[in-house]
Amino acid sequence: LGGYMRTGTGTEVEAHPETPRFFVTGACGQIGQEFLPFLRSKVGVDNVVASDVRTSRKLLDSGPFSYCDVLDKDNMARIILENGITHVVHFATLLSAIGERNPALALKVNTHGIQNVLDLAAAHGLSVYAPSTIAVFGSSTPRHNTPDDTVMRPHTMYGITKVHQELLGQYYHDRYGVDYRSLRYPGIISANAPPGGGTTDYGVEIFGAALQTGHYNCFLDSDAALPMMYMPDCLEATWQIITAPRDHLKQTTYNVTAVSFTPAELAEAIRHRLPHFSISYSPDFRDSIAKTWPASIDDSAARQQWGWAPKFDLQALADDMLTRLAAKYK
Ligand code: AKB
């Protein structure tokens, strides 16, 4: 990563003549809106061009922004070339639940978006980070401690497009030498970013409901165990894979996780702080999706090869969420 490549296994950075310049797609989305300020704090505001098909005053005031529909390759090429971009962070995607509501759009945006990014990366020597997801797995995948390399036969359009992304990223890496890197995100929980239309959104919604009404009606069943991660860990993991020395990486895509829990276990962790909190269950189509995903995943390769180590367990995550949201609602 040019001037920001981590040296050895440490987190220090070394100088490089070429200043890395980042282009972030989907900057208004769940991960994008938090990764953007995090990345700018690492590499400098002006070295990151944010993009999306929507924007906000806050985003426009925070640094460089360009309108970009990831389906429009020519516009993407223009932004990349005019800004001397060296790295693309590609977040623009339709998640699992929203993707099932509009599979045709999910197929188009998710597959053409990554193809455009990878084509431009091959043509202009760019590095690419694009997250994958636990949704690449399906009901024929081992459900517990799911390894990196295993059966990938997903049941959602989102999962299918992310298998396509993983294979395409590997192909462009092998065939054209594109430095393509990816993490399979579990459910991501954040006190700042609203959930983005996924199956794991209950893990964010539950905290707002707990503080505002003391009750949450969950769209997953009580026993729907899923791998999860708190946003600060997600930001760190993403930065670490982007900056990992290339020769440490033995694969293009890695499982990463922090904790696995069920809605009932999360409710219990909330009750440590809010003893009167109650939960009921009205499972919908998202519960059927969750039941085809791993209950836990094995991220030992990430831990061994580039030093991944999450900081937040279930109780630490719940406590921090409640503290932050309580301050926000004051
Ligand atoms: C979703 O629920 O669709 C996402 C994911 C696990 O990729 N949060």
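**Group meeting: the ligand shell, the core and one histidine**

Let me start with the ligand. The residues around the ligand are Leu95, Ser96, Thr133, Ile134, Ala135, Tyr158, Tyr185, Gly187, Gly198, Thr199 and Thr200. Sorted by class, this shell has five nonpolar and six polar residues, and no charged ones.

Keep in mind that this is a predicted model. It scores ipTM 0.98 and pTM 0.94. The average pLDDT of the protein chain is 94, and 95% of the residues score at least 70. Over residues 2-17, however, the pLDDT is below 50, although this stretch has 28 contacts in the model beyond near neighbours in sequence.

Next, the annotation. In an unreviewed entry, UniProt lists residues 23-256 as "domain: NAD-dependent epimerase/dehydratase". That span is 43% helix and 18% strand, and its end C-alpha atoms lie 23 Å apart.

Now the core. In soluble globular proteins, nonpolar side chains tend to be buried together. Here the largest nonpolar core has 100 residues, and Phe22, Val24, Ala121 and Val128 touch the most other members. Take Val128: leaving aside neighbours within four places in sequence, its contacts are Val88, His90, Val117, Leu118, Ala121, Val178, Asp179 and Tyr180.

Last, His87, which lies in strand β4, residues 87-90. Is His87 buried or exposed? His87 has 24 other C-beta atoms within 10 Å, and the cut-off for buried is 20 or more, so His87 counts as buried. Beyond four places in sequence, His87 is in contact with Pro20, Phe22, Leu126 and Ser127. Gly125 is 38 residues from His87 along the chain, and their C-alpha atoms are separated by 9.0 Å.

How values were computed:
Residues are numbered from 1 along each chain as its sequence is written. This is a predicted model: local features need pLDDT of at least 70, side-chain atom pairs count only at pLDDT 80 or more; totals for chains, interfaces and linings use all residues. A nonpolar core is a set of buried Ala, Val, Leu, Ile, Met, Phe, Trp, Tyr and Cys residues joined through C-beta atoms within 7 Å. A residue is buried if 20 or more other C-beta atoms lie within 10 Å of its own, exposed if 12 or fewer, and partly exposed in between; C-beta atoms are placed from the backbone. Two residues are in contact if their C-beta atoms, placed from the backbone, lie within 7 Å. A residue is near a molecule or strand if its C-beta atom, placed from the backbone, lies within 6 Å of it. Ala, Val, Leu, Ile, Met, Phe, Trp, Tyr, Cys and Pro count as nonpolar, Asp, Glu, Lys and Arg as charged, and the others, Gly among them, as polar. UniProt positions are given in the numbering used here, feature names are shortened, and annotations may be inferred rather than shown by experiment. Helices (H or I, at least four residues) and strands (E, at least two) are DSSP runs, numbered from the N terminus. pLDDT is the predictor's confidence in each residue, from 0 to 100.
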